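Work through these exercises with the model open beside you. Try each task before you read its solution.

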Amino acid sequence: MGTPTKHRYTIVVDRSPDWKWNPEGFHILTADDFLAQPLVQAKSAGPGRIINLCRDYHYMSGGYYCSLLAEARRQLPMPTMADILDLSGKKLYAFALPELEASLTRILKRLADPPSQDFSLHVFFGHVDDARFRILGDKLFDTFRFPLIKIRIRRKTKRWAITSIRPLGLHQVYTAQRAFFETSLRSYTRAPARPKANRVPELYNLAILHDPHEALPPSNPKALERFIRVSRALRMEVELITRKDYHRIPEFDALFIRETTGLNHHTFHFARKAEQEGLPVIDDTSSIIRCANKIFLFELLSSHGLPTPKSMSLDRFFFNLERITAMEEWLGYPMVLKVPDGSFSRGIHKANNRTELEEHAARLFVESRLILAQEYMYTAFDWRIGILNGRPLFASQYHMSRNHWQIYRHRPDGSVAGGGFRTMPVEEAPADVVETARRAATLLGTGLYGVDLKHNNRGVHVIEVNDNPNIDHGIEDKAIKDLLYTRILKEFIERIEAGRRG
């Protein structure tokens, strides 16, 4: 049914006649051929994404072994073995029923003409054959990553209940459902029914998560446009997604987060979801966790001998006269107080005397038990060195906002004034600044980091490491132009290829 190809998806069916659709865009294999594949051939056959559409997933069946061996070959099967086990009995998927039934109840309450009797829904790749239940289909597909599912819903005395969730085989798709199946499959896989004329198909698919309404995003719209344009020369398709596209993460080969990240935030859930699906992701969850807290960074940098401004962590429960006196002796006035998870100059205050120190500390202690105090170290600009997977990417100087001591000045009316900037080739930045930044970033991981440093007559000092540094058109790309975007995208390609090689 075809030879190993460049296609991103391999579809496995029990019998050749089960496949009744246009095969364009897919590599179709029978279960017999898939199971008999030598390991070397399996690894070289393509992208490693396997859609297992066998008739039976029971223990030791052909469908069971197709997913099992796909995982052994370090491919990405749908369903996974965990999914197969979850749906192998009602006791095993009962954990998901309360949330699914709550979603079902909410939908039914909103319907003008709800069902009056027991009914069933077919969910193909997360798409429901009754569009009114789309949200339920999304939740079901997020929980159980099966290509084809049928759920039965029964009306009980006072409520509706899901009585069964069962995977379907491809042979159970009715004739009337064939078009719905193909639409759902191609929507999920992003595989067009016809090849695009005069266009070489993409080899990679990258999702960039952004928020078009974010006031201070990590990448401005023109930078996002350049990611898209530059990607074409690399045979990569870049699609901008937003938080509503959470359930679509498995459709892509990699995820690039270009929205300000946070721990208790959907960006963290996107990163974790991508990691669970085996996708390369920048920011990864470890980087978000580590860079989100300035006290953690201070402890980490100090323990590895990286130079930082003189600093002290303060505990709300031990913030007393003795502690204040120690701060005054060690840091002196003015000093800077920081809430651990501040960003873009927010949550950072300068205290010029004891009164201001106590006022700012009291305000920040409301947000966090621990806060960070640092000596005030004025420089006309901060260095920002971009580091990607341990390699310097760009070097910028961020100047302080006019008549202000920070890069960003947040005015009472909500407006923000930033300082000027200067970006240069990395080779033109001071070597000790670049090397200190590289050492600091390496402590955090292999992602994309922006290391902020101050350089004065006492040497180089690391201020903080950002997991989600700005990549803005006209600023960070000022020196090397499109090469900046190319290097980032090539990093994704290397990681995708490494994952495919296993």
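The model is predicted.

**Exercise 1. The whole chain**

Task: How many helices and strands does the chain have, and what share of its residues is buried?

Solution: 
- Start with the elements: there are 16 helices and 23 strands.
- Next, burial: of the 502 residues in the chain, 51% are buried.
- Then the extent: along the principal axes, the C-alpha atoms fill a box of roughly 80 × 60 × 40 Å.
- Last, the contacts: among those between residues at least 6 apart in sequence, 66% join residues at least 24 apart.

**Exercise 2. A helix pair**

Task: Work out how H6 and H7 are oriented to each other.

Solution: 
- Two numbers describe a packed pair: the angle between the axes and the distance between them.
- Locate the helices: H6 covers residues 97–110 and H7 covers residues 134–143.
- Take the geometry: their angle is about 170 degrees, and their axes lie 9 Å apart.
- Apply the cut-off: angles over 145 degrees count as roughly antiparallel.
- H6 and H7 are therefore roughly antiparallel to each other.
- Now list the contact: H6 brings Glu99, Leu100, Ser103, Leu104, Arg106, Ile107 and Arg110, while H7 brings Ile135, Leu136, Lys139 and Leu140.
- Sort these residues: 6 are nonpolar, 1 is polar and 4 are charged.

**Exercise 3. The two sides of H9**

Task: Which residues of H9 are buried, and which exposed residues does the face turned away carry?

Solution: 
- Check the length: H9 (residues 221–232) has 12 residues and reaches 18 Å between its first and last C-alpha, close to the 16 Å expected.
- Pick out the buried residues: Ala223, Leu224, Phe227, Val230 and Ser231.
- Look down the axis of H9: the buried residues fall within an arc of 130 degrees, so they line one face of the helix.
- Turn to the face away from the buried side: Pro221 and Arg232 are exposed there.

**Exercise 4. H15 and its cover**

Task: Find the buried residues of H15 and name elements that cover them.

Solution: 
- Compare spans: the 14 residues of H15 (residues 431–444) should span 20 Å, and its end C-alpha atoms are 21 Å apart, which agrees.
- Buried in H15 are Val433, Val434, Thr436, Ala437, Ala440, Ala441 and Leu444.
- These residues fall within an arc of 165 degrees seen down the axis of H15, so they line one face.
- Their cover includes helices H11 and H12 and strands E17, E18, E22 and E23.
- Finish at the end of the helix: Gly445 follows H15, and its phi is positive, near 150 degrees.

How values were computed. Residues are numbered from 1 along each chain as its sequence is written. This is a predicted model: local features need pLDDT of at least 70, side-chain atom pairs count only at pLDDT 80 or more; totals for chains, interfaces and linings use all residues. Side-chain values use heavy atoms; hydrogens and water are left out. Axes are lines fitted to C-alpha atoms, for helices over the stretch in contact, and angles run from 0 to 180 degrees between N-to-C directions. Helices (H or I, at least four residues) and strands (E, at least two) are DSSP runs, numbered from the N terminus. Angles under 35 degrees count as roughly parallel, over 145 as roughly antiparallel, 65 to 115 as roughly perpendicular and the rest as oblique. Contact means heavy atoms within 4.5 Å. Ala, Val, Leu, Ile, Met, Phe, Trp, Tyr, Cys and Pro count as nonpolar, Asp, Glu, Lys and Arg as charged, and the others, Gly among them, as polar. The expected span of a helix is 1.5 Å times one less than its number of residues. Buried means under 20% relative accessible area, exposed over 50%, partly exposed in between (1.4 Å probe, protein chains only). The arc is that of the directions from the helix axis to the C-beta atoms.
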